[in-house]
Amino acid sequence: MSKVKYYYDPDTLSYRKIEPKKSRRYRNIALFFIGSFLFGLLCLVFLMNTNLINTPRELSLQREVKNYELQFELLNRKMGQIEEVLANIEERDNNIYRLYFEANPIPEEQRRAGFGGVNRYKSLEGFNNSEMVIATTKRLDIIKKQMAIQSKSLDEITKLAEEKEKFLMAIPAIQPVKNEDLKRMASGYGWRSDPFTKARKMHRGMDFSAPKGTPVYAPGDGRVIRADNGSSGYGKHIRIDHGYGYKTLYGHLSEYNVKKGQKVKRGDLIGFVGNTGRSEAPHLHYEVWKDEERINPINFYYGSLTAEEFENMLKYAAQENQSLD
């Protein structure tokens with residue numbers, strides 16, 4: 001029931017009822033509806049910007065976003081572990097592998113270099129979590145680049161290792177005649193007395209005294225470049241090119257077990273001790289060449305002699321006696 005209002009009329013000395021105007025009534029009704037509408041609109045905006053009331057889809061999307069954030073956090077942790085492992089590999093690569101194979105280390109600025117040019121991450125901008133997504137993507141791209149650089153480095157190390165292995169196998173590193181087959185180490189590298197002229201002469205090899213037919217072995221991998229008796233003084237002899245500037249010569253043989261052009265491995269039987277050519281008694285004359293110069297073979301027996309045997313060999317080789325050729 002609406003409230004009735006009265007006013008005092010001094011002319012009639014009585015109270016008269018106030019009759020409201022229709023326009024005023026309509027205005028009040030309109031203001032009420034407008035105020036209600038605005039109030040409702042403000043409430044709706046407030047609710048939409050708060051978590052007080054969410055639709056099932058909004059709740060599902062929120063859970064999905066939280067899950068994505070967790071996955072990004074786990075991804076970043078895993079990337080941290082990968083970076084630690086990669087840093088360890090890089091450290092060994094620079095300070096062990098490349099150092100061993102005498103290769104230059106990869107500069108740190110090259111390993112950590114970023115990506116220049118256009119913005120690679122523009123498509124990831126403008127989202128609520130753009131900063132996190134861009135940072136993670138950049139980190140992942142850097143790891144991928146580091147792994148690519150490391151992969152190429154390891155490929156290079158593999159090639160260097162293969163080349164090093166070939167080099168080590170090519171060097172004449174064992175005695176061409178086994179110790180058990182030797183009578184003695186007759187003469188070493190240096191000035192010796194010539195057995196025919198008795199004059200003091202430079203002997204540029206080592207003479208191993210052994211019975212005729214004693215096996216002679218290749219001291220390193222290589223290719224036979226001569227197996228003939230066409231060189232004055234050496235008689236039947238073999239020459240092997242080991243590569244890397246190394247060659248070896250085996251003189252005064254009785255027989256060949258290889259032919260020119262044949263590839264040999266360290267330890268292969270190549271011929272037999274004899275007394276052909278300018279020789280006083282059955283023995284093997286052995287020479288080592290490096291870059292077309294003859295050098296002392298005694299420095300190349302580390303692969304077949306013990307420390308004691310090598311010491312005895314040094315003692316006998318140093319004696320200035322008479323050579324056998």
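This is a predicted model: local features need pLDDT of at least 70, side-chain atom pairs count only at pLDDT 80 or more; totals for chains, interfaces and linings use all residues.
Just after helix H2, Glu102 takes a positive phi of about 55°.

**Helix H2**

- H2 covers residues 56-100, which makes 45 residues. At 1.5 Å a residue the helix should span 66 Å, and its end C-alpha atoms lie 64 Å apart, so the two values agree.
- H2 does have a kink of about 40°, and the kink is centred on Asp93.
- Asp93 is also one of the buried residues of H2, a list that includes Met79, Gly80 and Leu86. Glu90, Asn94 and Arg98 are buried in this helix too.
- What covers them? Helix H3 (108-111) and helix H4 (130-170) are included in the cover over the buried residues of H2.
- An α-helix has 3.6 residues a turn, so residues three or four places apart point the same way.

**What the record says about this stretch**

- UniProt, in an unreviewed entry, lists residues 58-92 as a "coiled-coil region".
- In the model, residues 58-92 are 100% helix and 0% strand, with end C-alpha atoms 51 Å apart.

**Strand E10 and its partners**

- Is strand E10 (residues 246-251) enclosed or open? With 5 of its 6 residues buried, E10 is largely enclosed by the rest of the structure.
- E10 runs antiparallel to E9, and 5 bridges join the two. In this pairing, Ile238 stands opposite Tyr250 in E10.
- E9 and E10 form a hairpin with 2 residues between them. Tyr244, in the turn, has a positive phi of about 60°.
- E10 also runs antiparallel to strand E14 (residues 283-290), joined to it by 6 bridges. Here Tyr246 stands opposite Lys290 in E14.
- In a regular strand the side chains alternate between the two faces of the sheet.

**Ser231, a buried loop residue**

- Where is Ser231 placed? Ser231 sits in the loop between strand E8 (222-228) and strand E9 (237-243).
- Ser231 has 14% relative accessibility; buried means under 20%, so this residue counts as buried.
- Leaving aside neighbours within four places in sequence, Ser231 is in contact with Arg226, His237 and Arg239.
- With Arg239 there is also a polar contact of 3.2 Å, which joins the side chains of Ser231 and Arg239.

Definitions and conventions. Residues are numbered from 1 along each chain as its sequence is written. Side-chain values use heavy atoms; hydrogens and water are left out. Helices (H or I, at least four residues) and strands (E, at least two) are DSSP runs, numbered from the N terminus. The expected span of a helix is 1.5 Å times one less than its number of residues. The bend at a residue is the angle between axes fitted to the seven residues ending there and the seven starting there. Buried means under 20% relative accessible area, exposed over 50%, partly exposed in between (1.4 Å probe, protein chains only). Contact means heavy atoms within 4.5 Å. A polar contact is a pair of N or O atoms within 3.5 Å; within protein, one must be able to donate a hydrogen and the other to accept it, and residues adjacent in sequence count only if both atoms are side-chain atoms. Two strands pair if DSSP finds at least two bridges between them. UniProt positions are given in the numbering used here, feature names are shortened, and annotations may be inferred rather than shown by experiment.
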